Amino acid sequence: QVIRNDQVVGSNPTVGSTRRAPMKGEHHLAVSLAGAAGIYTASRSAPMSLSFLAFGVLLDLDHWIDYWIEYGARLDVAHFFRAVSRKEFRRAFLFLHAWEGFLLSALLAWWSGWAPLLSGACLGWGSHLLCDQFSTRPNRWGYFLAWRIAGRFDYRRAFPAPYLPPPGSRAETNGRPPTACV
């Protein structure tokens, strides 16, 4: 792969696509705080806004399952975040990162008569998946659990875009300090 003018060029499925910053925990937190504030303002429902916040952020806990399967049951937080951001996995289980789960939560919320706790969880789950769907450049079916199962959870099949280090980072410059901007 070659990067020119912030474009990926080569025989990759993301040819010509502009780099996008991946969703990180702090991004999910910011989106979820804003969403929870909006929900509370509109509904005055603390359970709905808090469950939105919880599901919008804590859905990422399923990355730990993939990490432990790949690297063993260890609690190396720095390595975990590095592995997730660099897509250093062979399998993508990500059981909560699935549109089927969101649809099930919507069905449960509807069945409950739109109970605030379930409705907030459903909305938080959906907002999390939408943010990931548009920021991580997955295969269009990558966030469907049934599709990942059919592909034996192959990570590269679900998330074909290569890891691209942030512009100016040491990873992009092979360990040398980035050139200074003047």
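Me: The expected span of a helix is 1.5 Å times one less than its number of residues. How many residues does helix H6 have, and how far does it reach from its first C-alpha to its last?

Reply: This is a predicted model, in which local features need pLDDT of at least 70, side-chain atom pairs count only at pLDDT 80 or more, and totals for chains, interfaces and linings use all residues. Residues are numbered from 1 along each chain as its sequence is written, and side-chain values use heavy atoms, without hydrogens or water. Helix H6 covers residues 116–135, has 20 residues and reaches 28 Å, close to the 28 Å expected. Arg-137 follows H6 and has a positive phi, near 50°.

Me: Is H6 mostly covered or uncovered?

Reply: Buried means under 20% relative accessible area (1.4 Å probe, protein chains only). In H6, 14 of the 20 residues are buried, which leaves the helix mostly covered. Across the 182 residues of the chain, buried residues make up 40%.

Me: Which elements does the chain have, and in what order do they run?

Reply: Helices (H or I, at least four residues) and strands (E, at least two) are DSSP runs numbered from the N terminus. Here there are eight helices and two strands, and from the N terminus on they run β-β-α-α-α-α-α-α-α-α.

Me: What describes two packed helices?

Reply: The angle between their axes and the distance between the axes. Axes are fitted to C-alpha atoms over the stretch in contact, with angles from 0 to 180 degrees between N-to-C directions. For helix H1 (residues 25–43) and helix H2 (residues 46–58), the axes come within 8 Å and cross at roughly 165°. H1 is therefore roughly antiparallel (over 145 degrees) to H2. Residues of H1 in the contact (heavy atoms within 4.5 Å) include His-28, Leu-29, Ile-39 and Tyr-40, and H2 contributes, among others, Met-48, Phe-52 and Leu-53. By class, this contact of H1 with H2 has eleven nonpolar (Ala, Val, Leu, Ile, Met, Phe, Trp, Tyr, Cys, Pro), six polar (the others, Gly among them) and no charged (Asp, Glu, Lys, Arg) residues.

Me: At what angle do H3 and H4 pack, and how far apart are their axes?

Reply: Helix H3 (residues 62–71) and helix H4 (residues 77–85) pack at about 100°, with axes 11 Å apart. They are therefore roughly perpendicular (65 to 115 degrees) to each other. His-63, Trp-64, Tyr-67 and Tyr-71 of H3 meet Val-77, His-79, Phe-80, Ala-83 and Val-84 of H4. The contact of H3 with H4 has seven nonpolar, two polar and no charged residues.

Terms used
Angles under 35 degrees count as roughly parallel, over 145 as roughly antiparallel, 65 to 115 as roughly perpendicular and the rest as oblique. Buried means under 20% relative accessible area, exposed over 50%, partly exposed in between (1.4 Å probe, protein chains only).
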